[in-house]
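Welcome! Take a look at the structure below, and then we will walk through a helix and a few backbone features together.

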Amino acid sequence: MNRTLTANDLSEVVEADRAHMWHHLLQHKPHETTDPRIIVEGRGTRVWDGTGKEHLDAVSGGLWTVNVGYGRERIADAVRDQILKMNFFSNSLGSVPGARFAEMLIDKMPGMSRVYYANSGSEANEKAFKMVRQIAHKRFGGKKHKILYRDRDYHGSTIATISAGGHEQRNAEYGPYTPGFVKVPHCLEYRSQWGDVDDYGLRAANAIEEVILREGPETVGALCLEPITAGGGVIVPPEGYWPRVQEICRKYDILLHIDEVVCGIGRTGKWFGYQHWGVEPDFVTMAKGVASGYAAISCMVTTEKVFELFKADPSDPMDYFRDVSTFGGCTAGPAAAIENMAIIEEEGLLENCQEMGARLEANLRELQERHEVIGQVRGMGLFWGAELVADRDTKEPAPEAKVLAIVGDCMKQGVIIGATNRSLPGYNNTLCISPPLIVTADEIDQITGAIDGALTRVFG
Ligand SMILES: Cc1ncc(COP(=O)(O)O)c(C=O)c1O
(Lines give C-alpha, C1' and ligand atoms only; values in the text may rest on other atoms or scores of the structure.)
Protein backbone atom coordinates (compact mmCIF):
# COMPACT_ATOMS: atom_id res chain seq x y z
CA MET A 1 0.00 0.00 0.00
CA ASN A 2 1.30 3.48 -0.82
CA ARG A 3 1.76 5.33 2.47
CA THR A 4 3.26 8.54 1.07
CA LEU A 5 0.83 11.39 0.80
CA THR A 6 1.13 14.42 -1.40
CA ALA A 7 -0.09 17.76 -0.15
CA ASN A 8 -3.03 17.74 -2.51
CA ASP A 9 -4.17 14.16 -2.67
CA LEU A 10 -5.72 12.80 0.49
CA SER A 11 -8.03 10.38 -1.26
CA GLU A 12 -6.35 7.36 0.36
CA VAL A 13 -6.67 8.96 3.78
CA VAL A 14 -10.31 9.69 3.15
CA GLU A 15 -10.92 6.08 2.13
CA ALA A 16 -8.97 4.75 5.15
CA ASP A 17 -11.01 7.03 7.39
CA ARG A 18 -14.29 5.94 5.80
CA ALA A 19 -13.32 2.28 6.09
CA HIS A 20 -11.81 2.18 9.57
CA MET A 21 -12.32 5.26 11.68
CA TRP A 22 -14.98 5.47 14.37
CA HIS A 23 -15.26 9.18 15.10
CA HIS A 24 -16.32 10.71 18.39
CA LEU A 25 -19.88 11.87 18.88
CA LEU A 26 -20.79 11.39 15.22
CA GLN A 27 -23.40 9.47 13.26
CA HIS A 28 -21.56 7.68 10.46
CA LYS A 29 -24.27 6.87 7.94
CA PRO A 30 -23.75 10.17 6.05
CA HIS A 31 -20.13 9.16 5.36
CA GLU A 32 -21.44 6.53 2.99
CA THR A 33 -22.31 9.31 0.56
CA THR A 34 -20.14 12.26 1.65
CA ASP A 35 -16.44 12.36 2.44
CA PRO A 36 -15.33 12.59 6.06
CA ARG A 37 -13.61 15.93 6.60
CA ILE A 38 -9.91 15.63 7.43
CA ILE A 39 -8.16 18.48 9.22
CA VAL A 40 -4.60 18.58 7.96
CA GLU A 41 -2.86 21.63 9.29
CA GLY A 42 -3.19 24.53 11.73
CA ARG A 43 -1.49 27.92 12.23
CA GLY A 44 -2.56 30.50 14.79
CA THR A 45 -6.36 30.62 14.76
CA ARG A 46 -6.68 28.90 11.35
CA VAL A 47 -6.96 25.29 10.24
CA TRP A 48 -6.91 23.79 6.74
CA ASP A 49 -8.89 20.76 5.68
CA GLY A 50 -8.00 18.03 3.19
CA THR A 51 -9.48 19.97 0.28
CA GLY A 52 -7.13 22.87 1.06
CA LYS A 53 -9.94 25.05 2.41
CA GLU A 54 -9.00 27.50 5.18
CA HIS A 55 -11.20 27.84 8.27
CA LEU A 56 -11.15 30.32 11.14
CA ASP A 57 -11.50 28.16 14.25
CA ALA A 58 -13.99 29.76 16.64
CA VAL A 59 -14.19 26.71 18.92
CA SER A 60 -10.49 26.09 19.72
CA GLY A 61 -10.23 22.66 18.18
CA GLY A 62 -13.95 21.91 18.44
CA LEU A 63 -13.76 21.34 22.19
CA TRP A 64 -12.51 24.51 23.92
CA THR A 65 -8.95 23.19 23.89
CA VAL A 66 -6.39 24.98 21.73
CA ASN A 67 -6.09 28.10 23.92
CA VAL A 68 -2.73 29.32 22.56
CA GLY A 69 -3.52 28.50 18.92
CA TYR A 70 -1.92 26.14 16.39
CA GLY A 71 1.65 25.64 15.24
CA ARG A 72 3.52 26.69 18.37
CA GLU A 73 7.11 25.68 17.69
CA ARG A 74 8.14 26.50 21.21
CA ILE A 75 5.81 23.85 22.64
CA ALA A 76 6.83 21.31 19.98
CA ASP A 77 10.52 21.93 20.72
CA ALA A 78 10.05 21.57 24.47
CA VAL A 79 8.12 18.32 24.05
CA ARG A 80 10.68 16.95 21.59
CA ASP A 81 13.63 17.78 23.84
CA GLN A 82 11.89 16.35 26.89
CA ILE A 83 10.76 13.06 25.34
CA LEU A 84 14.20 12.40 23.88
CA LYS A 85 15.73 12.94 27.32
CA MET A 86 13.08 11.10 29.36
CA ASN A 87 9.67 10.32 27.91
CA PHE A 88 8.10 8.25 30.62
CA PHE A 89 8.47 6.79 34.01
CA SER A 90 5.76 5.87 36.48
CA ASN A 91 4.63 8.93 38.38
CA SER A 92 5.37 7.11 41.63
CA LEU A 93 8.76 8.69 40.96
CA GLY A 94 9.24 12.34 40.09
CA SER A 95 10.00 14.04 36.78
CA VAL A 96 11.59 17.40 36.06
CA PRO A 97 8.69 18.90 34.06
CA GLY A 98 6.12 17.31 36.41
CA ALA A 99 7.53 19.09 39.46
CA ARG A 100 8.17 22.35 37.59
CA PHE A 101 4.67 22.59 36.14
CA ALA A 102 3.10 21.68 39.50
CA GLU A 103 4.93 24.62 41.07
CA MET A 104 3.89 27.02 38.26
CA LEU A 105 0.28 25.89 38.50
CA ILE A 106 0.01 26.17 42.26
CA ASP A 107 1.41 29.68 41.99
CA LYS A 108 -1.76 30.59 40.05
CA MET A 109 -4.07 28.91 42.55
CA PRO A 110 -3.78 30.49 46.01
CA GLY A 111 -5.10 28.09 48.66
CA MET A 112 -4.32 24.98 46.59
CA SER A 113 -1.26 22.86 47.08
CA ARG A 114 -1.02 19.44 45.37
CA VAL A 115 -1.20 18.32 41.73
CA TYR A 116 -2.17 14.81 40.64
CA TYR A 117 -1.52 14.10 36.94
CA ALA A 118 -3.79 12.07 34.62
CA ASN A 119 -4.72 12.15 30.92
CA SER A 120 -8.27 13.36 30.46
CA GLY A 121 -10.87 15.51 32.10
CA SER A 122 -12.97 12.44 32.89
CA GLU A 123 -10.05 10.77 34.57
CA ALA A 124 -9.14 13.84 36.66
CA ASN A 125 -12.75 13.99 37.85
CA GLU A 126 -12.71 10.30 38.73
CA LYS A 127 -9.61 10.90 40.87
CA ALA A 128 -11.49 13.49 42.90
CA PHE A 129 -14.52 11.18 43.21
CA LYS A 130 -12.29 8.39 44.51
CA MET A 131 -10.70 10.71 47.04
CA VAL A 132 -14.12 11.76 48.30
CA ARG A 133 -15.10 8.10 48.67
CA GLN A 134 -11.86 7.26 50.48
CA ILE A 135 -12.25 10.22 52.83
CA ALA A 136 -15.77 8.99 53.60
CA HIS A 137 -14.33 5.61 54.58
CA LYS A 138 -11.45 7.07 56.56
CA ARG A 139 -13.44 9.66 58.50
CA PHE A 140 -17.11 8.75 58.38
CA GLY A 141 -17.37 4.96 58.30
CA GLY A 142 -18.20 5.12 54.57
CA LYS A 143 -21.42 7.07 55.18
CA LYS A 144 -20.57 10.53 53.82
CA HIS A 145 -19.98 9.17 50.34
CA LYS A 146 -22.61 10.80 48.11
CA ILE A 147 -21.48 13.20 45.43
CA LEU A 148 -23.86 15.89 44.24
CA TYR A 149 -23.78 17.08 40.63
CA ARG A 150 -25.87 19.63 38.79
CA ASP A 151 -28.45 19.25 36.09
CA ARG A 152 -26.95 20.36 32.70
CA ASP A 153 -23.32 19.96 33.92
CA TYR A 154 -20.99 17.45 32.27
CA HIS A 155 -17.97 15.81 33.85
CA GLY A 156 -16.85 13.20 31.35
CA SER A 157 -17.54 10.10 29.35
CA THR A 158 -16.75 7.23 31.73
CA ILE A 159 -19.46 5.33 33.58
CA ALA A 160 -18.77 7.13 36.89
CA THR A 161 -18.59 10.55 35.26
CA ILE A 162 -21.82 10.05 33.32
CA SER A 163 -23.35 8.95 36.64
CA ALA A 164 -22.38 12.47 37.73
CA GLY A 165 -23.58 13.93 34.44
CA GLY A 166 -26.57 16.16 33.87
CA HIS A 167 -26.80 15.51 30.11
CA GLU A 168 -29.65 13.09 29.58
CA GLN A 169 -28.71 12.39 25.99
CA ARG A 170 -25.09 11.54 26.79
CA ASN A 171 -26.27 9.16 29.52
CA ALA A 172 -29.22 7.39 27.88
CA GLU A 173 -28.68 3.65 27.28
CA TYR A 174 -25.40 3.52 29.17
CA GLY A 175 -26.88 2.53 32.52
CA PRO A 176 -26.92 1.01 35.04
CA TYR A 177 -25.07 3.94 36.54
CA THR A 178 -22.69 4.12 39.47
CA PRO A 179 -24.63 4.56 42.72
CA GLY A 180 -24.09 7.45 45.11
CA PHE A 181 -24.44 10.39 42.69
CA VAL A 182 -27.35 12.77 43.29
CA LYS A 183 -28.60 15.55 41.01
CA VAL A 184 -29.23 19.16 42.08
CA PRO A 185 -31.13 21.71 39.94
CA HIS A 186 -29.40 23.84 37.28
CA CYS A 187 -28.94 27.58 37.72
CA LEU A 188 -30.08 28.92 34.33
CA GLU A 189 -32.45 31.77 35.17
CA TYR A 190 -33.59 32.03 31.53
CA ARG A 191 -35.19 28.62 32.08
CA SER A 192 -36.19 29.18 35.70
CA GLN A 193 -37.65 26.16 37.50
CA TRP A 194 -39.34 28.42 40.07
CA GLY A 195 -41.05 31.03 37.88
CA ASP A 196 -40.15 34.68 38.43
CA VAL A 197 -38.07 34.92 41.58
CA ASP A 198 -36.34 38.07 42.86
CA ASP A 199 -33.03 36.49 43.73
CA TYR A 200 -32.61 33.57 41.39
CA GLY A 201 -28.93 32.99 42.27
CA LEU A 202 -29.77 32.53 45.91
CA ARG A 203 -32.83 30.43 45.07
CA ALA A 204 -30.81 28.07 42.88
CA ALA A 205 -28.09 27.71 45.53
CA ASN A 206 -30.71 27.09 48.22
CA ALA A 207 -32.06 24.29 46.03
CA ILE A 208 -28.75 22.52 46.63
CA GLU A 209 -29.27 22.82 50.36
CA GLU A 210 -32.74 21.31 49.96
CA VAL A 211 -31.22 18.25 48.28
CA ILE A 212 -28.59 17.96 51.02
CA LEU A 213 -31.28 18.05 53.70
CA ARG A 214 -33.41 15.52 51.82
CA GLU A 215 -30.48 13.10 51.41
CA GLY A 216 -29.12 13.75 54.93
CA PRO A 217 -25.99 15.93 55.28
CA GLU A 218 -24.20 13.06 57.00
CA THR A 219 -24.38 11.12 53.68
CA VAL A 220 -23.11 13.89 51.37
CA GLY A 221 -19.35 14.07 50.86
CA ALA A 222 -18.92 16.46 47.95
CA LEU A 223 -20.55 18.83 45.50
CA CYS A 224 -19.12 18.82 41.96
CA LEU A 225 -19.90 21.84 39.75
CA GLU A 226 -18.63 23.49 36.60
CA PRO A 227 -17.79 27.16 37.32
CA ILE A 228 -19.69 28.02 34.13
CA THR A 229 -21.66 25.15 32.63
CA ALA A 230 -20.21 24.48 29.19
CA GLY A 231 -21.86 21.77 27.05
CA GLY A 232 -25.14 22.17 28.93
CA GLY A 233 -25.70 25.60 27.38
CA VAL A 234 -22.95 28.03 28.53
CA ILE A 235 -24.56 28.98 31.84
CA VAL A 236 -22.93 31.67 33.97
CA PRO A 237 -24.27 31.29 37.53
CA PRO A 238 -26.28 34.36 38.57
CA GLU A 239 -25.17 36.83 41.23
CA GLY A 240 -25.32 35.47 44.74
CA TYR A 241 -25.02 31.85 43.66
CA TRP A 242 -21.37 31.09 44.36
CA PRO A 243 -21.07 32.73 47.83
CA ARG A 244 -24.16 30.83 48.97
CA VAL A 245 -22.84 27.55 47.51
CA GLN A 246 -19.60 28.03 49.44
CA GLU A 247 -21.53 28.79 52.61
CA ILE A 248 -23.67 25.66 52.22
CA CYS A 249 -20.61 23.43 51.66
CA ARG A 250 -18.95 24.79 54.80
CA LYS A 251 -22.13 24.47 56.85
CA TYR A 252 -22.51 20.77 56.10
CA ASP A 253 -18.79 19.85 55.85
CA ILE A 254 -19.13 19.07 52.13
CA LEU A 255 -16.06 19.15 49.90
CA LEU A 256 -16.35 21.51 46.92
CA HIS A 257 -15.06 20.10 43.62
CA ILE A 258 -14.86 22.61 40.77
CA ASP A 259 -14.58 21.10 37.28
CA GLU A 260 -12.42 23.57 35.34
CA VAL A 261 -11.87 21.21 32.41
CA VAL A 262 -13.26 23.86 30.03
CA CYS A 263 -12.80 27.13 31.97
CA GLY A 264 -9.33 26.42 33.35
CA ILE A 265 -6.15 28.06 32.05
CA GLY A 266 -7.55 31.30 30.80
CA ARG A 267 -10.74 30.61 28.88
CA THR A 268 -12.79 33.10 30.93
CA GLY A 269 -10.13 35.83 31.23
CA LYS A 270 -8.74 34.64 34.57
CA TRP A 271 -6.60 31.58 35.14
CA PHE A 272 -9.65 29.75 36.52
CA GLY A 273 -13.37 30.33 36.36
CA TYR A 274 -13.89 30.01 40.13
CA GLN A 275 -11.50 32.92 40.67
CA HIS A 276 -14.16 35.34 39.36
CA TRP A 277 -16.19 34.67 42.49
CA GLY A 278 -13.55 34.22 45.20
CA VAL A 279 -14.58 30.61 45.72
CA GLU A 280 -12.26 28.41 47.81
CA PRO A 281 -12.51 24.87 46.40
CA ASP A 282 -11.21 21.63 47.86
CA PHE A 283 -10.66 20.01 44.45
CA VAL A 284 -10.07 21.62 41.06
CA THR A 285 -9.88 19.48 37.92
CA MET A 286 -8.62 20.70 34.55
CA ALA A 287 -7.61 19.28 31.19
CA LYS A 288 -8.29 20.79 27.75
CA GLY A 289 -6.40 24.11 27.87
CA VAL A 290 -3.66 22.87 30.19
CA ALA A 291 -1.44 22.08 27.22
CA SER A 292 -3.78 23.41 24.49
CA GLY A 293 -3.98 19.91 22.97
CA TYR A 294 -0.23 19.69 22.23
CA ALA A 295 -0.11 16.74 24.65
CA ALA A 296 -2.71 14.83 26.64
CA ILE A 297 -2.61 16.02 30.23
CA SER A 298 -5.12 16.58 32.99
CA CYS A 299 -4.65 17.64 36.59
CA MET A 300 -6.55 17.06 39.79
CA VAL A 301 -5.48 19.78 42.20
CA THR A 302 -6.29 19.76 45.87
CA THR A 303 -5.46 21.51 49.15
CA GLU A 304 -2.84 20.59 51.70
CA LYS A 305 -5.73 19.86 54.07
CA VAL A 306 -7.08 17.13 51.78
CA PHE A 307 -3.56 15.85 51.08
CA GLU A 308 -2.91 15.55 54.81
CA LEU A 309 -5.93 13.27 55.18
CA PHE A 310 -4.09 10.72 53.04
CA LYS A 311 -0.88 10.55 55.01
CA ALA A 312 -2.16 10.21 58.55
CA ASP A 313 -0.60 6.87 59.49
CA PRO A 314 2.61 5.83 57.69
CA SER A 315 2.60 2.43 59.41
CA ASP A 316 -0.72 1.53 57.75
CA PRO A 317 -0.03 0.18 54.23
CA MET A 318 -3.58 1.12 53.14
CA ASP A 319 -3.43 4.71 54.36
CA TYR A 320 -2.75 6.57 51.14
CA PHE A 321 -4.38 7.24 47.78
CA ARG A 322 -4.04 3.84 46.10
CA ASP A 323 -4.49 5.05 42.55
CA VAL A 324 -2.31 5.17 39.48
CA SER A 325 -2.59 6.58 35.98
CA THR A 326 0.00 5.07 33.63
CA PHE A 327 0.09 7.99 31.24
CA GLY A 328 0.03 10.42 34.15
CA GLY A 329 3.75 9.63 34.07
CA CYS A 330 4.25 10.92 30.51
CA THR A 331 6.52 13.94 30.59
CA ALA A 332 5.21 15.39 27.30
CA GLY A 333 2.13 16.71 29.14
CA PRO A 334 3.82 18.87 31.77
CA ALA A 335 6.60 19.87 29.32
CA ALA A 336 3.92 21.22 26.96
CA ALA A 337 1.95 22.74 29.84
CA ILE A 338 4.95 24.75 31.06
CA GLU A 339 5.38 26.40 27.65
CA ASN A 340 1.63 26.84 27.24
CA MET A 341 1.41 28.73 30.53
CA ALA A 342 4.51 30.77 29.73
CA ILE A 343 3.00 31.79 26.36
CA ILE A 344 -0.22 32.91 28.04
CA GLU A 345 1.78 35.06 30.47
CA GLU A 346 4.34 36.47 28.05
CA GLU A 347 1.81 37.31 25.34
CA GLY A 348 -0.73 38.76 27.78
CA LEU A 349 -3.41 36.31 26.64
CA LEU A 350 -5.56 36.69 29.75
CA GLU A 351 -5.81 40.39 28.94
CA ASN A 352 -6.48 39.63 25.26
CA CYS A 353 -9.16 37.20 26.33
CA GLN A 354 -10.87 39.92 28.38
CA GLU A 355 -10.62 42.53 25.61
CA MET A 356 -11.62 40.27 22.73
CA GLY A 357 -14.27 38.70 24.94
CA ALA A 358 -15.82 42.14 25.49
CA ARG A 359 -15.86 42.70 21.71
CA LEU A 360 -17.39 39.28 21.09
CA GLU A 361 -20.06 39.96 23.70
CA ALA A 362 -20.87 43.38 22.21
CA ASN A 363 -21.11 41.91 18.70
CA LEU A 364 -23.35 39.05 19.86
CA ARG A 365 -25.65 41.45 21.73
CA GLU A 366 -25.88 43.57 18.60
CA LEU A 367 -26.84 40.44 16.64
CA GLN A 368 -29.47 39.69 19.29
CA GLU A 369 -31.06 43.09 18.65
CA ARG A 370 -31.45 42.28 14.96
CA HIS A 371 -32.23 38.57 15.07
CA GLU A 372 -35.40 37.59 16.99
CA VAL A 373 -34.17 34.03 17.08
CA ILE A 374 -31.42 34.84 19.61
CA GLY A 375 -33.19 34.41 22.93
CA GLN A 376 -30.23 34.96 25.21
CA VAL A 377 -26.50 35.62 24.97
CA ARG A 378 -24.40 34.22 27.84
CA GLY A 379 -20.74 33.88 28.67
CA MET A 380 -17.50 35.36 29.94
CA GLY A 381 -14.05 35.95 28.47
CA LEU A 382 -13.79 33.99 25.21
CA PHE A 383 -16.46 31.51 26.22
CA TRP A 384 -19.88 32.45 24.79
CA GLY A 385 -23.20 30.88 23.95
CA ALA A 386 -26.24 32.21 22.07
CA GLU A 387 -29.44 30.33 22.84
CA LEU A 388 -31.74 30.19 19.82
CA VAL A 389 -35.51 30.20 20.26
CA ALA A 390 -38.44 29.78 17.91
CA ASP A 391 -40.40 32.35 19.91
CA ARG A 392 -38.94 34.92 22.31
CA ASP A 393 -42.08 35.09 24.45
CA THR A 394 -42.62 31.38 24.98
CA LYS A 395 -38.87 30.64 24.77
CA GLU A 396 -39.65 27.54 22.75
CA PRO A 397 -36.26 26.25 21.63
CA ALA A 398 -35.33 26.64 17.96
CA PRO A 399 -35.46 23.31 16.06
CA GLU A 400 -32.14 21.50 16.31
CA ALA A 401 -31.95 21.01 12.53
CA LYS A 402 -31.96 24.79 12.11
CA VAL A 403 -29.33 25.26 14.83
CA LEU A 404 -27.13 22.78 12.98
CA ALA A 405 -27.87 24.58 9.71
CA ILE A 406 -26.34 27.73 11.24
CA VAL A 407 -23.19 25.79 12.15
CA GLY A 408 -23.10 24.31 8.62
CA ASP A 409 -23.59 27.70 6.96
CA CYS A 410 -20.72 29.21 8.99
CA MET A 411 -18.55 26.24 8.00
CA LYS A 412 -19.27 26.98 4.33
CA GLN A 413 -18.15 30.55 4.98
CA GLY A 414 -14.89 29.26 6.45
CA VAL A 415 -15.74 29.84 10.13
CA ILE A 416 -16.05 26.90 12.52
CA ILE A 417 -18.50 27.52 15.35
CA GLY A 418 -20.15 24.90 17.60
CA ALA A 419 -23.54 24.12 19.12
CA THR A 420 -24.55 22.21 22.23
CA ASN A 421 -24.53 18.62 21.11
CA ARG A 422 -26.62 15.68 22.37
CA SER A 423 -26.99 17.21 25.80
CA LEU A 424 -30.63 17.74 26.68
CA PRO A 425 -33.60 16.50 24.67
CA GLY A 426 -34.98 19.42 22.65
CA TYR A 427 -32.48 21.87 24.13
CA ASN A 428 -29.44 21.41 21.92
CA ASN A 429 -30.14 24.95 20.79
CA THR A 430 -27.18 27.03 21.94
CA LEU A 431 -24.50 28.20 19.52
CA CYS A 432 -21.02 28.01 21.05
CA ILE A 433 -18.27 30.48 20.25
CA SER A 434 -14.88 30.16 21.92
CA PRO A 435 -11.91 31.02 19.71
CA PRO A 436 -8.27 30.63 20.79
CA LEU A 437 -7.12 33.29 23.27
CA ILE A 438 -4.90 34.85 20.56
CA VAL A 439 -7.90 35.90 18.46
CA THR A 440 -7.81 39.44 16.98
CA ALA A 441 -10.54 42.09 16.70
CA ASP A 442 -10.85 41.50 12.95
CA GLU A 443 -11.29 37.79 13.53
CA ILE A 444 -13.97 38.40 16.16
CA ASP A 445 -15.81 40.51 13.58
CA GLN A 446 -15.36 37.78 10.98
CA ILE A 447 -16.89 35.21 13.37
CA THR A 448 -19.93 37.30 14.25
CA GLY A 449 -20.26 38.41 10.61
CA ALA A 450 -20.49 34.78 9.55
CA ILE A 451 -23.13 34.09 12.23
CA ASP A 452 -25.07 37.15 11.10
CA GLY A 453 -25.16 35.90 7.50
CA ALA A 454 -26.06 32.39 8.57
CA LEU A 455 -28.93 33.58 10.80
CA THR A 456 -30.35 35.65 7.94
CA ARG A 457 -30.17 32.75 5.49
CA VAL A 458 -31.53 30.07 7.84
CA PHE A 459 -34.16 32.04 9.78
CA GLY A 460 -34.88 34.95 7.43
C1 LIG B 1 -16.73 20.38 31.99
C2 LIG B 1 -16.12 19.14 31.46
N3 LIG B 1 -15.61 18.24 32.31
C4 LIG B 1 -15.06 17.10 31.89
C5 LIG B 1 -14.98 16.79 30.56
C6 LIG B 1 -14.37 15.50 30.11
O7 LIG B 1 -13.10 15.70 29.58
P8 LIG B 1 -12.45 14.56 28.65
O9 LIG B 1 -13.23 14.50 27.38
O10 LIG B 1 -11.04 15.05 28.49
O11 LIG B 1 -12.51 13.29 29.43
C12 LIG B 1 -15.48 17.71 29.61
C13 LIG B 1 -15.39 17.41 28.17
O14 LIG B 1 -15.90 18.10 27.33
C15 LIG B 1 -16.08 18.90 30.08
O16 LIG B 1 -16.64 19.77 29.22
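How far apart are the end C-alpha atoms of helix α12? They are 31 Å apart, which agrees with the 32 Å that its 22 residues (349–370) should span at 1.5 Å a residue; the expected span is 1.5 Å times one less than the number of residues. This is a predicted model, where local features need pLDDT of at least 70, side-chain atom pairs count only at pLDDT 80 or more, and totals for chains, interfaces and linings use all residues. Residues are numbered from 1 along each chain as its sequence is written.

**Helix α12**
- The buried residues of α12 (buried: 20 or more other C-beta atoms within 10 Å, with C-beta atoms placed from the backbone) are Leu-349, Asn-352, Cys-353, Met-356, Gly-357, Leu-360, Asn-363 and Leu-364.
- They cover an arc of only 135 degrees around the axis, so they sit on the same side of α12; the arc is that of the directions from the helix axis to the C-beta atoms.
- Turned away from that buried side is a face with the exposed residues (exposed: 12 or fewer such atoms) Glu-351, Ala-362, Arg-365 and Glu-369.

**Backbone features**
- Most residues other than glycine have a negative phi, and most peptide bonds are trans.
- Ser-60, not a glycine, has a positive phi of about 50 degrees; Ser-60 is buried, with 29 other C-beta atoms within 10 Å.
- Glu-173 also is not a glycine and has a positive phi, of about 75 degrees, but Glu-173 is exposed, with 5 other C-beta atoms within 10 Å.
- Gly-175 and Pro-176 are joined by a cis peptide bond, with omega about 0 degrees.

Key: Helix = DSSP H or I, 4+ residues; strand = E, 2+ residues; numbered from the N terminus.
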